[in-house]
Amino acid sequence: MTLTALVVDDDPSGQRAIARGLRGYDVVAVGSAEAALAWVERHGAPAVAVVDVTLPRMSGFELASVLKDACRVLVAGARPGMELFDEARALELDVALVDKHAVASVLAPAAPRRTMWSKLAAAFA
């Protein structure tokens, strides 16, 4: 059974950039917070939602605060600095991404990284 990832971005190029990082997921892309909420109402919560910060009408953080109890939420945006991370942390979200192209590295399994670090530690022991 393939897990579903809901991508919420009003920019089609942003949707494509995020979707490229979601290999192994059944990706559903919508262009607004309202469309995302309607999709969740019809289909149930996805495994993960990747939400752009700057959505029209309802912001990405507002949408994330609604979805966070139903699924893992990643917030994507291009705002520089720690503001994006601070807002996500205040909402107790998993992570905030500054670059939409970083989705794959955030959702990648942790085991390979642990294996890599174990090998490096052994090499320098």
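Visitor: Is the crossing of H2 and H3 left-handed or right-handed?

Guide: In this predicted model, H2 and H3 cross in a right-handed way.

Visitor: What makes H2 and H3 roughly parallel to each other?

Guide: Let's look at the angle. The axes of helix H2 (residues 33–43) and helix H3 (residues 60–67) cross at roughly 15° and come within 10 Å. Angles under 35 degrees count as roughly parallel, and therefore H2 and H3 are called roughly parallel.

Visitor: Which residues meet where H2 and H3 touch?

Guide: From H2 come Ala33, Ala36, Leu37 and Val40, while H3 brings Leu63, Val66 and Leu67. The residues of this contact divide into seven nonpolar, no polar and no charged.

Visitor: Why is glutamine 15 called buried?

Guide: Its relative accessibility is 18%, and buried means under 20%, so glutamine 15 counts as buried. Glutamine 15 sits in helix H1 (residues 12–20). Beyond its neighbours within four places in sequence, glutamine 15 is in contact with Val7, Asp9, Ala29, Val30 and Gly31.

Visitor: Which residues have the most contacts inside the largest nonpolar core?

Guide: They are Leu6, Val8, Leu63, Val73 and Val75, in a core of 22 residues. Among the elements giving two or more residues to this core are strand E1 (3–8), H2, H3 and helix H4 (83–90).

Visitor: What does leucine 63 touch?

Guide: Not counting residues up to four places away in sequence, leucine 63 touches Val8, Ala33, Ala36, Leu37, Val51, Leu55 and Met58. There is also a second, separate core of nine residues, including Ala5, Leu22, Val50 and Ala76.

Conventions: Residues numbered from 1 in each chain as written. Predicted model: local features only at pLDDT ≥ 70, side-chain atom pairs only at ≥ 80, totals over all residues. Heavy atoms only, no water. Helix = DSSP H or I, 4+ residues; strand = E, 2+ residues; numbered from the N terminus. Buried < 20%, exposed > 50% of the residue type's maximum accessible area, 1.4 Å probe, protein only. Contact = heavy atoms within 4.5 Å. Axes fitted to C-alpha atoms, helices over the stretch in contact; angles between N-to-C directions. Parallel < 35°, antiparallel > 145°, perpendicular 65-115°, else oblique. Left-handed = near helix turned anticlockwise from the far one by under 90°. Nonpolar A, V, L, I, M, F, W, Y, C, P; charged D, E, K, R; others polar. Core = buried A, V, L, I, M, F, W, Y, C linked by side-chain atoms within 4.5 Å.
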